[in-house]
Amino acid sequence: MNNQFLLLILGMSAVSYLPRVVPMMYFSKREIPQWFQDWMKYVPAALFAALFFKDVFIVEHQLSLLANMKIIAAVIVMGVAYKTKSMGLSVIAGLGSIILLSFVF
């Protein structure tokens, strides 16, 4: 292994590690304002919604509402998730739905 490759690994490790550790160190010694705590509660839902909308409704850089098998699979997954409250079953239902629907579309 040459030195450039080792330096690349160390640099990438630092770039990946520091953005996680620095905020944790900063906020561990300070009281987080309530408005920030309230705001942070919505971040996972907002990120999930953004990822979900883009992956399901956007096909080839355009909004696709008709003949989109991902919408049907998403509805199936939502039903399974609502009924079972199981992430594992929801993932399996989603994968199975996509596989079966790919034969139809």
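Select Lys 85 to begin: this residue sits in the loop between helix 4 and helix 5. Helices here are DSSP runs of H or I with at least four residues, strands are runs of E with at least two, and both are numbered from the N terminus. Lys 85 has a positive phi of about 55 degrees, although it is not a glycine. Is Lys 85 buried or exposed? With 64% relative accessibility, Lys 85 counts as exposed, because exposed means over 50% relative accessible area, buried under 20% and partly exposed in between (1.4 Å probe, protein chains only).

A quick note before you click on: this is a predicted model, where local features need pLDDT of at least 70 and side-chain atom pairs count only at pLDDT 80 or more, while totals for chains, interfaces and linings use all residues. Residues are numbered from 1 along each chain as its sequence is written, and side-chain values use heavy atoms, with hydrogens and water left out.

Next, colour helix 4 (residues 69–84) and helix 5 (residues 87–104). Two packed helices are described by the angle between their axes and the distance between the axes. For this pair, the angle is about 155 degrees and the axes are 9 Å apart. Axes are lines fitted to C-alpha atoms, for helices over the stretch in contact, and angles run from 0 to 180 degrees between N-to-C directions. Helix 4 and helix 5 are therefore roughly antiparallel; the labels are roughly parallel under 35 degrees, roughly antiparallel over 145, roughly perpendicular from 65 to 115, and oblique for the rest.

Want to see who meets whom? Contact means heavy atoms within 4.5 Å. On the helix 4 side, the contact includes Met 69, Lys 70, Ala 73 and Ile 76, and on the helix 5 side it includes Ala 93, Ser 97 and Ile 98.

Zoom in on Ser 97, which belongs to helix 5. Ser 97 is buried, with a relative accessible area of 7%. Leaving out residues up to four places away in sequence, Ser 97 touches Ala 73 and Ile 76. Look also for the side chain of Ser 97 reaching the backbone oxygen of Ala 93 at 2.6 Å.

Now pick Ile 98, also found in helix 5. Ile 98 is partly exposed, at 32% relative accessible area. Which residues does Ile 98 contact, leaving aside its neighbours within four places in sequence? They are Met 69, Lys 70 and Ala 73.

Bring in helix 3 (residues 43–57), whose axis comes within 8 Å of the axis of helix 4 and crosses it at roughly 135 degrees. Helix 3 and helix 4 are therefore oblique to each other. Phe 52, Asp 55, Val 56 and Phe 57 in helix 3 meet Lys 70, Ile 71, Ala 74 and Met 78 in helix 4.

Select Asn 68 in the loop between strand 2 and helix 4. Asn 68 is buried, with a relative accessible area of 7%. Not counting residues up to four places away in sequence, Asn 68 touches Val 56, Phe 57, Val 59 and Phe 105.

Last stop: His 61, in the loop between strand 1 (58–59) and strand 2 (62–63). His 61 is exposed, with a relative accessible area of 81%. His 61 has a positive phi of about 65 degrees although it is not a glycine.

Note on methods. A polar contact is a pair of N or O atoms within 3.5 Å; within protein, one must be able to donate a hydrogen and the other to accept it, and residues adjacent in sequence count only if both atoms are side-chain atoms.
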